Amino acid sequence: MSSASLVGAPADTTLRLARYAWAFFPNTLIGLLVALVGLFTRSRYALRDGVLEVHGGASNWFLKIGIPGIGPMPAMTLGHVVIAVDQATLDRWRVHERVHVRQFEAWGPLMLPAMLASALCQSIQGRDPYYDNLFEREAYAVEGSPYEASTRPRRTNVADSATTVVPTVEQAA
Ligand SMILES: [Zn+2]
């Protein structure tokens with residue numbers, strides 16, 4: 001073992017803890033509260049790569065509400081918590097949602113306001129608040145499906161989707 005790794009390990013741990021702490025409020029906290037509600041309604045939980053993955057039960061109610069101005073979501077990341085409607089959805093969106101986890105680690109308490117601000121800016125400019133959102137563009141690019149305007153699935157509009165359990169096109173926050 002080299003001396004560099006002996007020196008590096010505690011610093012890595014400190015950095016990792018700092019990322020969790022920075023992402024915690026209010027993001028991971030909200031995610032944990034949603035997960036907690038699911039405790040009594042048959043939500044399922046798994047800790048994977050340091051991220052709590054939740055699906056099913058009452059946590060799905062939160063997904064029905066989704067994001068203001070965008071609508072319901074099949075999956076959503078809040079800090080180090082990922083919520084999805086079911087296991088297959090968790091598996092489908094894992095790479096995408098991990099990008100959002102890294103974004104929460106970078107932006108911390110500024111992440112949700114920044115994401116909403118980006119959605120608002122895109123809307124004002126006549127673009128899609130979801131697909132043109134800078135945070136979503138990065139997540140789609142990393143997962144290998146960077147939707148351009150000409151190739152996007154049609155989004156369900158917010159008024160229609162308010163009564164839909166899962167959006168009719170594949171999109172996740
Ligand atoms: Zn996303």
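**View 1. The open sheet of the predicted model, with 4 strands in the order E1-E2-E4-E3**. Pairing within this sheet is mixed. Strand E1 (44-48) and strand E3 (75-78) stand at the edges, and because each has a single partner strand, one side of each is left without a neighbour in the sheet. From one strand to the next, the twist averages 20°.

**View 2. The hairpin of E1 and E2**. Strand E2 covers residues 51-55 and pairs with E1 in the antiparallel sense, over 5 bridges. Ala-46 has Glu-53 in E2 as its bridge partner, and Arg-48 has Val-51, also in E2, as its bridge partner. There are 2 residues between the strands of this hairpin, in which Asp-49 takes a positive phi near 55°.

**View 3. The parallel pairing of E2 and E4**. These two strands are joined over 4 bridges, and His-55 stands opposite Ala-84 in E4. When residues up to four places away in sequence are not counted, Ala-84 touches His-55, Pro-74, Ala-75, Thr-89, Leu-90 and Trp-93.

**View 4. The hairpin of E3 and E4, and the two faces of E3**. E3 and E4 pair in the antiparallel sense over 4 bridges, and Thr-77 has Val-82 in E4 as its bridge partner. The hairpin leaves 2 residues between the strands, and Gly-79 in the turn has a positive phi of about 60°. Both faces of E3 are covered, with Ala-75 and Thr-77 buried on one side and Met-76 and Leu-78 buried on the other.

**View 5. The nonpolar cores**. In soluble globular proteins, nonpolar side chains tend to be buried together. Here the largest nonpolar core has 18 residues, and those with the most contacts inside it are Ala-75, Met-76, Ile-83 and Ala-84. Two or more residues are given to this core by each of helix H1 (3-38), helix H2 (59-65), E3, E4 and H3, and it is E4 that gives the most, with 4 residues. A second, separate core of 8 residues includes Ala-23, Phe-104, Met-111 and Met-115.

**View 6. Helix H3 across the sheet strands E2, E3 and E4**. H3 (residues 87-107) lies across E2, E3 and strand E4 (81-84), and runs at about 30° to E3. At Arg-94, the helix H3 bends by about 65°. The buried residues of H3 are Thr-89, Leu-90, Trp-93, His-96, Glu-97, His-100, Val-101, Phe-104 and Glu-105. An α-helix has 3.6 residues a turn, so residues three or four places apart point the same way.

View 7. Ala-106 and Arg-19 are 87 residues apart in sequence, while their C-alpha atoms are 7.5 Å apart in space.

Terms used:
Residues are numbered from 1 along each chain as its sequence is written. This is a predicted model: local features need pLDDT of at least 70, side-chain atom pairs count only at pLDDT 80 or more; totals for chains, interfaces and linings use all residues. Two strands pair if DSSP finds at least two bridges between them. Axes are lines fitted to C-alpha atoms, for helices over the stretch in contact, and angles run from 0 to 180 degrees between N-to-C directions. Two residues are in contact if their C-beta atoms, placed from the backbone, lie within 7 Å. A nonpolar core is a set of buried Ala, Val, Leu, Ile, Met, Phe, Trp, Tyr and Cys residues joined through C-beta atoms within 7 Å. A residue is buried if 20 or more other C-beta atoms lie within 10 Å of its own, exposed if 12 or fewer, and partly exposed in between; C-beta atoms are placed from the backbone. The bend at a residue is the angle between axes fitted to the seven residues ending there and the seven starting there.
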